[in-house]
Amino acid sequence: MASATPRDGSTAKPDAAPAPAPTPAPTPLPLPPEKPLPGDCCGSGCVRCVWDIYFDELDAYDKALAAHAASSSGSGGKDDSADTKPSDGAKS
């Protein structure tokens, strides 16, 4: 009587399809910068105001968000649904 086990010692069924490669986990969205509170700016015209830092970080966030959208969709377009610009008109 013949054995059902192949001679090479493997126990896999001959009809079994190879397991699909696992898909990589999606890259998380970058986090937006924290907006300064109204009392964070002293109003004395500092050379490096908290608002200057915030807007620099906001620009970097917008670029990171666009890069994330381009890498996840492949289209190179920016996600227009994310409103990252300040609405208070402090500086643009």
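## Overall make-up

The protein, seen here as a predicted model, has 1 helix and 0 strands. Of its 92 residues, 15% are buried, and its accessible surface comes to about 7600 Å², with carbon and sulfur atoms holding 58% of that area.

Helix α1 spans residues 50-73 and includes H68. With a relative accessibility of 15%, H68 counts as buried, because the cut-off for a buried residue is under 20% relative accessible area.

Leaving aside residues up to four places away in sequence, H68 touches T27, P28, L29 and P30. For one of these, P30, the position along the chain is 38 residues away from H68, while the C-alpha atoms of the two residues are separated by 7.9 Å.

## The annotated segment

An unreviewed UniProt entry carries the annotation "domain: Oxidoreductase-like", which covers residues 29-67. In the model, the chain over residues 29-67 is 46% helix and 0% strand, and the C-alpha atoms at its ends are 10 Å apart.

## Aromatic rings

The structure holds 3 aromatic pairs. In one of them, the rings of Y54 and F55 have centres 5.2 Å apart and planes at 65 degrees, so this pair is classed as edge-to-face, the class for planes over 60 degrees apart.

Are Y54 and F55 buried or exposed? Y54 has a relative accessibility of 6% and therefore counts as buried, and F55, with a relative accessible area of 9%, is buried as well.

## Confidence of the prediction

The mean pLDDT of the protein is 76, and 62% of its residues reach 70 or more. Over residues 75-79, however, the pLDDT is below 50, and this stretch has 8 contacts in the model beyond near neighbours in sequence.

Definitions and conventions. Residues numbered from 1 in each chain as written. Predicted model: local features only at pLDDT ≥ 70, side-chain atom pairs only at ≥ 80, totals over all residues. Heavy atoms only, no water. Helix = DSSP H or I, 4+ residues; strand = E, 2+ residues; numbered from the N terminus. Buried < 20%, exposed > 50% of the residue type's maximum accessible area, 1.4 Å probe, protein only. Areas by Shrake-Rupley, 256 points an atom, 1.4 Å probe, with all protein chains shown as cover. Contact = heavy atoms within 4.5 Å. UniProt positions renumbered as here; feature names shortened; annotations may be inferred. Phe/Tyr/Trp six-rings, centres within 6.5 Å; stacked < 30°, edge-to-face > 60°. pLDDT = per-residue confidence, 0-100.
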